[in-house]
Amino acid sequence: MGSSRWKVAAAFLAIVGSLLPVDADEHEHTYIDKEEVVLWMNTVGPYHNRQETYKYFSLPFCAGSKKTISHYHETLGEALQGVELEFSGLDIRFKDEVMQTTYCEIDLDKAKRDAFVYAIKNHYWYQMYIDDLPIWGIVGEADENGEDHYLWTYKKLEIGFNGNRIVDVNLTSEGKVRLVPNTRIAMSYSVKWKKSDVKFEDRFDKYLDPSFFQHRIHWFSIFNSFMMVIFLVGLVSMILMRTLRKDYARYSKEEEMDDMDRDLGDEYGWKQVHGDVFRPSSHPMMFSSLIGSGCQIFSVSFIVIIVAMVEDLYTERGSMLSTAIFVYAATSPVNGYFGGSLYAKQGGRRWIKQMFIGAFLIPAMVCGTAFFINFIAIYYHASRAIPFGTMVAVCSICFFVILPLNLVGTILGRNLSGQPNFPCRVNAVPRPIPEKKWFMEPAVIVCLGGILPFGSIFIEMYFIFTSFWAYKIYYVYGFMMLVLVILCIVTVCVTIVCTYFLLNAEDYRWQWTSFLSAASTAVYVYMYSFYYYFFKTKMYGLFQTSFYFGYMAVFSTSLGIMCGAVGYMGTSAFVRKIYTNVKID
């Protein structure tokens, strides 16, 4: 009971302290000779299912005899990512070599043998940490016929040091022993220390894969997307400027006509809906909440990428997730400001309800998905099962950090930019929408609007998916920043063109159309995730499949909301601009 209370208290402290990336070693990664070096056992699981992990000692491994440790640390990001650090019990001292030594023995009965055989058949491998450096090893292997199974029993550790810091760790698995019931298997280890020229700042470079992330296809995709942006921006500018100039000339000529000529003239185009174009959108509360949430997601993405470019977040366990949670909570005023001001401009009066919807829209989606997957993780006894204390910490962040900051942003937005200062008056009676060709219908525009934005990012999606769902460390955040900028430019250009054609067809329902045509990028990303799952991975099982498609749905939806908000904001500026520059009676 006391242990449970301590975990809850530690989770509350994590709200303030462990959201920020910190050194995971209390010794600040410096050692003196003979000082204890802790070997942490993390998780074990099938190679093809990266997220399906279990505690290392869920398999019938045995631990060393050393029971006391001097330090242990876990952050909120680690808890959410299923990091389960357990002490190995091995006695390792800085620069103190250990010859092959037996540290424990396994009494292999039938149940333990079956557990090891199942793990070997499913290609289980485990992860360990020394001084924050990850080490991977395989549990065992089967013979060519698949009849006999062997366990690796000897962990041969080679640790590199530079001065008083550990800069390199290598594991060699030896001592292949056949699994026979009712026998004793001795587990052994050895430690060899060697001097290394690797700098402490560069010790994670060996885990990176420049040949993969800096492949020519990656550079080519960036260049290709950049050229598409130049072409698209030039095309949009040319078409709109030429077309708008003609429209302005035609409307100016109409101003010079008398009433009889104007009535007999062929009036058409976007000017005819000037009395309805700034009419509030349908479902303004939900629309405003989506725009506010999208602006916040864009802010989080931009800031986190910049932080990742400056700081090597991949060097600390869970630091990327912890940073994202902290930045999301800190940028809550952005959500409230844009959502609250837009809702006020559209004449909304139930602003408190809108604020609650905006504040909890994304957290509810993420937590709901995590809650569903958590049930499956608990059933599987997986390490990904989120502890109760961590749930309390996340809920506390939502209610005591995100909600108040969102309230501050909403009040500022309503007071500073909540006045409906539209360039045209809104008619009391809505104008009937004329019939138009099928390809000008909003539904068709929405479906086609996401193709070009998806085309500009789908190569980068492959690299991002591979780093998350496979065993790659994503570190080329400069590429990601370029792709984010390209995505925003392409999205704005596409939605402006779609909105111009819609208004020219005298359909003034542009708010939702501009949002959804940009947000439809998410549908194509989610469809691509199906292709990636079936053709680029070897995942299997209920837990991994649910985890993959559940969080891919969260990722795609968040991306869609962000793109929709960016598209709407750009289109809104365009619409205000063209109606400001034309004289309206």
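Mentor: Buried means under 20% relative accessible area, and we shall need that cut-off at once; please keep in mind that this is a predicted model.

Trainee: Does Ser332 count as buried or exposed?

Mentor: Ser332 is found in helix 9, which covers residues 332-345, and leaving aside its neighbours within four places in sequence, Ser332 is in contact with Gln296, Ile402, Leu405 and Asn406. Its relative accessibility is 0%, and a residue under 20% is buried, so Ser332 counts as buried.

Trainee: Which residues is Pro46 in contact with, leaving aside its neighbours within four places in sequence?

Mentor: Pro46 is found in strand 1, residues 39-46, and at 1% relative accessibility it counts as buried. Leaving aside its neighbours within four places in sequence, the residues in contact with Pro46 are Glu52, Tyr54, Asn122, His123, Tyr124, Tyr471 and Tyr540.

Trainee: What separates the C-alpha atoms of Pro46 and Lys66?

Mentor: Along the chain, Pro46 and Lys66 are 20 residues apart.

Trainee: How do helix 12 and helix 15 lie, roughly parallel or roughly antiparallel to each other?

Mentor: Helix 12 (residues 442-449) and helix 15 (residues 510-519) have axes 6 Å apart and pack at an angle of about 30°, and their crossing is right-handed. Pro442, Ile445, Val446 and Gly449 in helix 12 meet Thr513, Leu516 and Ser517 in helix 15, and the residues of this contact divide into four nonpolar, three polar and no charged. Angles under 35 degrees count as roughly parallel, and the two helices are therefore roughly parallel.

Trainee: Why is helix 15 largely enclosed by the rest of the structure, and which helices do its buried residues pack against?

Mentor: Nine of the ten residues of helix 15 are buried, so this helix is largely enclosed by the rest of the structure; Trp510, Phe515 and Ala519 are among those buried. The helices that its buried residues pack against are helix 7, helix 12, helix 14, helix 16 and helix 17.

Conventions:
Residues are numbered from 1 along each chain as its sequence is written. This is a predicted model: local features need pLDDT of at least 70, side-chain atom pairs count only at pLDDT 80 or more; totals for chains, interfaces and linings use all residues. Side-chain values use heavy atoms; hydrogens and water are left out. Axes are lines fitted to C-alpha atoms, for helices over the stretch in contact, and angles run from 0 to 180 degrees between N-to-C directions. Helices (H or I, at least four residues) and strands (E, at least two) are DSSP runs, numbered from the N terminus. Angles under 35 degrees count as roughly parallel, over 145 as roughly antiparallel, 65 to 115 as roughly perpendicular and the rest as oblique. A crossing is left-handed if the near helix is turned anticlockwise from the far one by less than a right angle, and right-handed if clockwise. Contact means heavy atoms within 4.5 Å. Ala, Val, Leu, Ile, Met, Phe, Trp, Tyr, Cys and Pro count as nonpolar, Asp, Glu, Lys and Arg as charged, and the others, Gly among them, as polar. Buried means under 20% relative accessible area, exposed over 50%, partly exposed in between (1.4 Å probe, protein chains only).
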